[in-house]
Amino acid sequence: MPRELKEVQGIIFKRQKYKEADLLAKIMTKELGIVTLIARGALKPKSKLGAATVNFSIGHYIIYTSGQGLSNLRTYKEVKQFSGIFADLTKNAYASFILDLVDHAFVEYQNLGKYYDLTLFALKKIDQGIDPEMISQVVQMQLLAAYGVEPELKHCVICGSQQGEFDYSIKLGGILCSKHFYRDNSRLHLTAKATAVLRTIGLVPFNRLGTIKVNRAIKQVTRRAIDRIYQETIDLNLKSKKFLDEINLLD
């Protein structure tokens with residue numbers, strides 16, 4: 001495929017030194033998915049590309065690409081930072097985890113579809129000071145489908161019931177009504193409130209969630225539940241998650 005210049009809207013989320021003065025930057029774009037860019041000379045003192053490729057920057061980037069492999073960053077416009085995330089360790093940790101999670105769900109140049117908007121929504125909310133723990137949980141629950149393990153949250157996986165008391169079964173891939181709790185003794189044994197939170201953040205379109213207020217005890221329960229779902233269905237080992245867990249231990 002021939003190379004061509006393209007303008008993309010994107011979020012810079014990883015960067016590393018490449019050769020003496022060049023930079024490799026990973027960008028999550030609306031148009032092309034996740035792309036690795038070479039920013040030549042970006043580490044030189046007078047280069048403007050360096051400032052435009054700082055983590056948690058968002059803007060429009062002009063790239064020279066063939067739609068595969070490395071692309072070249074030529075120039076940029078309207079680039080700004082999520083300054084609240086960049087300056088706060090906790091916000092930074094949650095944002096890094098979310099971006100890492102999305103990055104592992106897709107291969108390069110794969111269309112992200114609604115997940116680009118989900119990621120942008122999450123970063124904006126965290127930057128604004130909205131509870132990063134709950135924003136992270138929203139992303140985790142809604143991203144399960146991208147990993148190919150979308151859970152059944154609308155009704156009981158056995159009988160289809162949508163009313164009553166529910167719990168979550170990892171083995172059966174969704175919620176169970178109380179009549180069928182016996183079908184999985186290893187179900188998560190969540191309270192009705194915790195199960196309701198998981199269903200809400202997994203089902204409701206993110207742009208309709210508004211401000212999510214959940215008390216600390218419930219958040220801890222749903223965090224552990226989501227961790228188990230990921231461990232037993234996807235088995236990711238992300239450094240960003242380990243760092244986040246260390247922060248939460250200090251909470």
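I will start with Ile226, which is buried, at a relative accessible area of 1%. Buried here means under 20% relative accessible area, exposed means over 50%, and partly exposed is in between, with a 1.4 Å probe and protein chains only. Ile226 is in helix H7. Leaving aside residues up to four places away in sequence, Ile226 touches Gln137, Gln140, Met141, Leu198 and Ile201. A contact means heavy atoms within 4.5 Å. Gln137 is 89 residues from Ile226 along the chain, and their C-alpha atoms are separated by 7.5 Å.

Some ground rules. This is a predicted model, in which local features need pLDDT of at least 70 and side-chain atom pairs count only at pLDDT 80 or more, while totals for chains, interfaces and linings use all residues. Residues are numbered from 1 along each chain as its sequence is written, and side-chain values use heavy atoms, with hydrogens and water left out.

Now the chain as a whole. The protein chain has eight helices and seven strands. These are DSSP runs numbered from the N terminus: helices are H or I with at least four residues, strands are E with at least two. The C-alpha trace spans about 65 × 40 × 30 Å along its principal axes. Of the 251 residues, 50% are buried. Among contacts with a separation of 6 or more, 60% are between residues 24 or more positions apart.

Next, the aromatic rings. How many aromatic pairs does a search of the whole structure find? The search finds three. To pair, rings of Phe, Tyr and Trp (its six-membered ring) need centres within 6.5 Å; planes under 30 degrees apart count as stacked, over 60 as edge-to-face, and the rest as tilted. One of the pairs is Phe106 with Tyr115, a tilted pair at 5.8 Å centre to centre and 50° between the planes. Phe106 and Tyr115 are both buried.

Another pair is Tyr147 with Tyr230. Their ring centres are 6.2 Å apart and the planes are at 80°, so this pair is edge-to-face. Tyr147 lies in the loop between helix H5 (132-143) and strand S6 (166-169), and Tyr230 in helix H7 (residues 216-233), so the pair ties together parts that are 83 residues apart in sequence. Tyr147 is buried at 18% relative accessible area, and Tyr230 is buried at 6%.

Two rings have a charge over them. The criterion is NZ of Lys or CZ of Arg within 6 Å of the ring centre and within 35 degrees of the ring normal. Arg187 lies over the face of Phe181, 4.0 Å from the ring centre. Arg199 has its charged end over the ring of Phe166, at 4.6 Å from the centre.

Now some exposed residues. Lys46 is in the loop between strand S3 (33-39) and helix H1 (49-52). Its relative accessible area is 83%, so Lys46 counts as exposed.

Last, which residue in strand S5 (residues 71-81) is the place to look? That is Glu78. Glu78 is not a glycine, yet has a positive phi of about 55°, and is exposed at 62% relative accessibility. Asp235, in the loop between H7 and helix H8 (239-249), also has a positive phi, near 60°. Asp235 is exposed, at 52% relative accessibility.
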